Amino acid sequence: IATCLNSRIEKSKNSAILGGGANLIYGEGNNLRNVILGGSSTRINKGIDSSIVSSRASRIDCSNSSVITAGCCLRICQTIDSTITGGCYHKLCSSTQSSILGGFTNSIYNSRTSIITGGFCNYITGSSASSIIGGATNSIENSLNSAIIGGFGLTLSSENNVVYIPTLKL
């Protein structure tokens, strides 16, 4: 722990908190090699090789090799090799190799290699290799290799190899 205000590490091996305030790395069992760099009121609980960098009120729970960078009120839980970068109020849970980049209140659950980029209130669940790029309140459910680009209130459910682009202008 270096230059921290009320930050602490409990029952973790080879972990570090550098800067920031009110940060915490804790949890029994597998809790190894985690890092918090700056930020405030962040925590890593039972993580392995996970990091939080310059974020506020964010947390990583029971995840391996996952990262939160910037933003506020972000949560990663029970993931492997996943990341949230920027934005606020995102949640990425029970997923592998998935990402949320920017935006507001986006979520990914039970998915593999999926991504949400920007927009707000978008979510992906039970899907693989699927993407939402921008837009609002769009969702992809139980789909494979599918994408929604922009739009509002669009849903792909149990559809594979589909790209949904509302009102395409060329």
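Is Ile133 buried, partly exposed or exposed? Ile133 counts as partly exposed, because its relative accessible area is 41% (buried means under 20%, exposed over 50%, partly exposed in between; 1.4 Å probe, protein chains only).

The model is predicted, so local features need pLDDT of at least 70 and side-chain atom pairs count only at pLDDT 80 or more, whereas totals for chains, interfaces and linings use all residues. Residues are numbered from 1 along each chain as its sequence is written, and side-chain values use heavy atoms, with hydrogens and water left out.

**View 1. Nonpolar core around Ile84.** The largest nonpolar core has 20 residues, of which Ile68 and Ile84 touch the most other members (core: buried Ala, Val, Leu, Ile, Met, Phe, Trp, Tyr and Cys joined through side-chain atoms within 4.5 Å). Beyond its neighbours within four places in sequence, Ile84 is in contact with residues including Ile68, Leu74, Arg75 and Leu92 (contact: heavy atoms within 4.5 Å).

**View 2. Salt bridge between Arg75 and Asp61.** The closest N and O atoms of this salt bridge are 3.2 Å apart (salt bridge: a side-chain nitrogen of Lys or Arg within 4 Å of a carboxyl oxygen of Asp or Glu). The pair links distant parts of the chain, with Arg75 in strand E9 and Asp61 in strand E7, 14 residues apart (strands: DSSP runs of at least two residues, numbered from the N terminus). Arg75 is partly exposed at 23% relative accessibility, whereas Asp61 is buried at 6%. Arg43, Arg59, Asp61 and Arg75 are linked in a network of salt bridges.

**View 3. Salt bridge between Asp49 and Arg33.** These side chains meet at 2.7 Å, N to O.

How values were computed. Helices (H or I, at least four residues) and strands (E, at least two) are DSSP runs, numbered from the N terminus.
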